[in-house]
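Biologist: I would like to learn how to read a model like this one. Where do we begin?

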Amino acid sequence: MRKAKNRRGETRHRPWPLSQRPGFLIRRLHQIHVALFQEACGEFEITPLQYSLLSALAVRKTADQTTLAADIALDRTTTTGALKRLAARNFVERAVDDEDRRARLCKLTPAGAALLAKIEASARAAHRATLDNLSEREQAAFVDMMQRIVAAHSNRDSATAIFD
């Protein structure tokens, strides 16, 4: 908090405006992006989290749930729930790992791959819309800055995302 002195020389705290707080702005930007994603992709009945899981599986082909949770920087419980919902819709196959009976191996089904192909243009449009008030140069710089911040704080959780 910032401190200011009043007329008597006493120190008092000035409130820090929300509009200047990085954490508030990041949370607000996330809310905006989720709304834009729903507008662009609502017909597919997929959340941004589920889209991320489908995308990670498309890259990995087959992966256990713990690896997928790390890829998308999310806890295993939430990841497992999302994968179960995708499996219920036949977009993901979850099979017990023969080498570790406690683990589940996941892969896209043909229906999941088809959905991913159909949603891709709309999802990209939502990402573009999130940054559309910035010039192309500003967008590239903003994404670069976000990547640097995330990389600098990668030890803050157990996630090891697959940034290329």
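Modeller: With handedness. A crossing is left-handed if the near helix is turned anticlockwise from the far one by less than a right angle, and right-handed if clockwise. Helices (H or I, at least four residues) and strands (E, at least two) are DSSP runs, numbered from the N terminus. Here α1 and α5 cross in the right-handed sense.
This is a predicted model: local features need pLDDT of at least 70, side-chain atom pairs count only at pLDDT 80 or more, and totals for chains, interfaces and linings use all residues. Residues are numbered from 1 along each chain as its sequence is written, and side-chain values use heavy atoms, with hydrogens and water left out.

Biologist: At what angle do α1 and α5 pack?
Modeller: Two packed helices are described by the angle between their axes and the distance between the axes. For α1 (residues 22-41) and α5 (residues 110-130) the angle is about 145°, and the axes are 8 Å apart. Axes are lines fitted to C-alpha atoms, for helices over the stretch in contact; angles run from 0 to 180 degrees between N-to-C directions.

Biologist: Which residues of α1 meet α5?
Modeller: Contact means heavy atoms within 4.5 Å. From α1 come Leu29, His33, Leu36, Phe37, Ala40 and Cys41. Their partners in α5 include Ile119, Ala123 and Ala126.

Biologist: Which residues have the most contacts inside the largest nonpolar core?
Modeller: In soluble globular proteins, nonpolar side chains tend to be buried together. A nonpolar core is a set of buried Ala, Val, Leu, Ile, Met, Phe, Trp, Tyr and Cys residues joined through side-chain atoms within 4.5 Å. Buried means under 20% relative accessible area, exposed over 50%, partly exposed in between (1.4 Å probe, protein chains only). The largest core here has 24 residues, and Ile46, Leu54, Leu57, Leu68 and Ile119 have the most contacts inside it. Two or more residues each come from α1, α2 (48-60), α4 (76-88), β5 (104-108) and α5. Leaving aside neighbours within four places in sequence, Ile119 touches Phe37, Cys41, Phe44, Ile46 and Tyr51.

Biologist: What is the phi of Lys61?
Modeller: Most residues other than glycine have a negative phi. Lys61 has a positive one, near 75°. Its place is the loop between α2 and β3 (62-64). Lys61 counts as exposed because its relative accessibility is 57%.

Biologist: Where is Asn90?
Modeller: In the loop between α4 and β4 (92-96). Asn90 also has a positive phi, about 65°, although it is not a glycine. At 47% relative accessibility, Asn90 counts as partly exposed.
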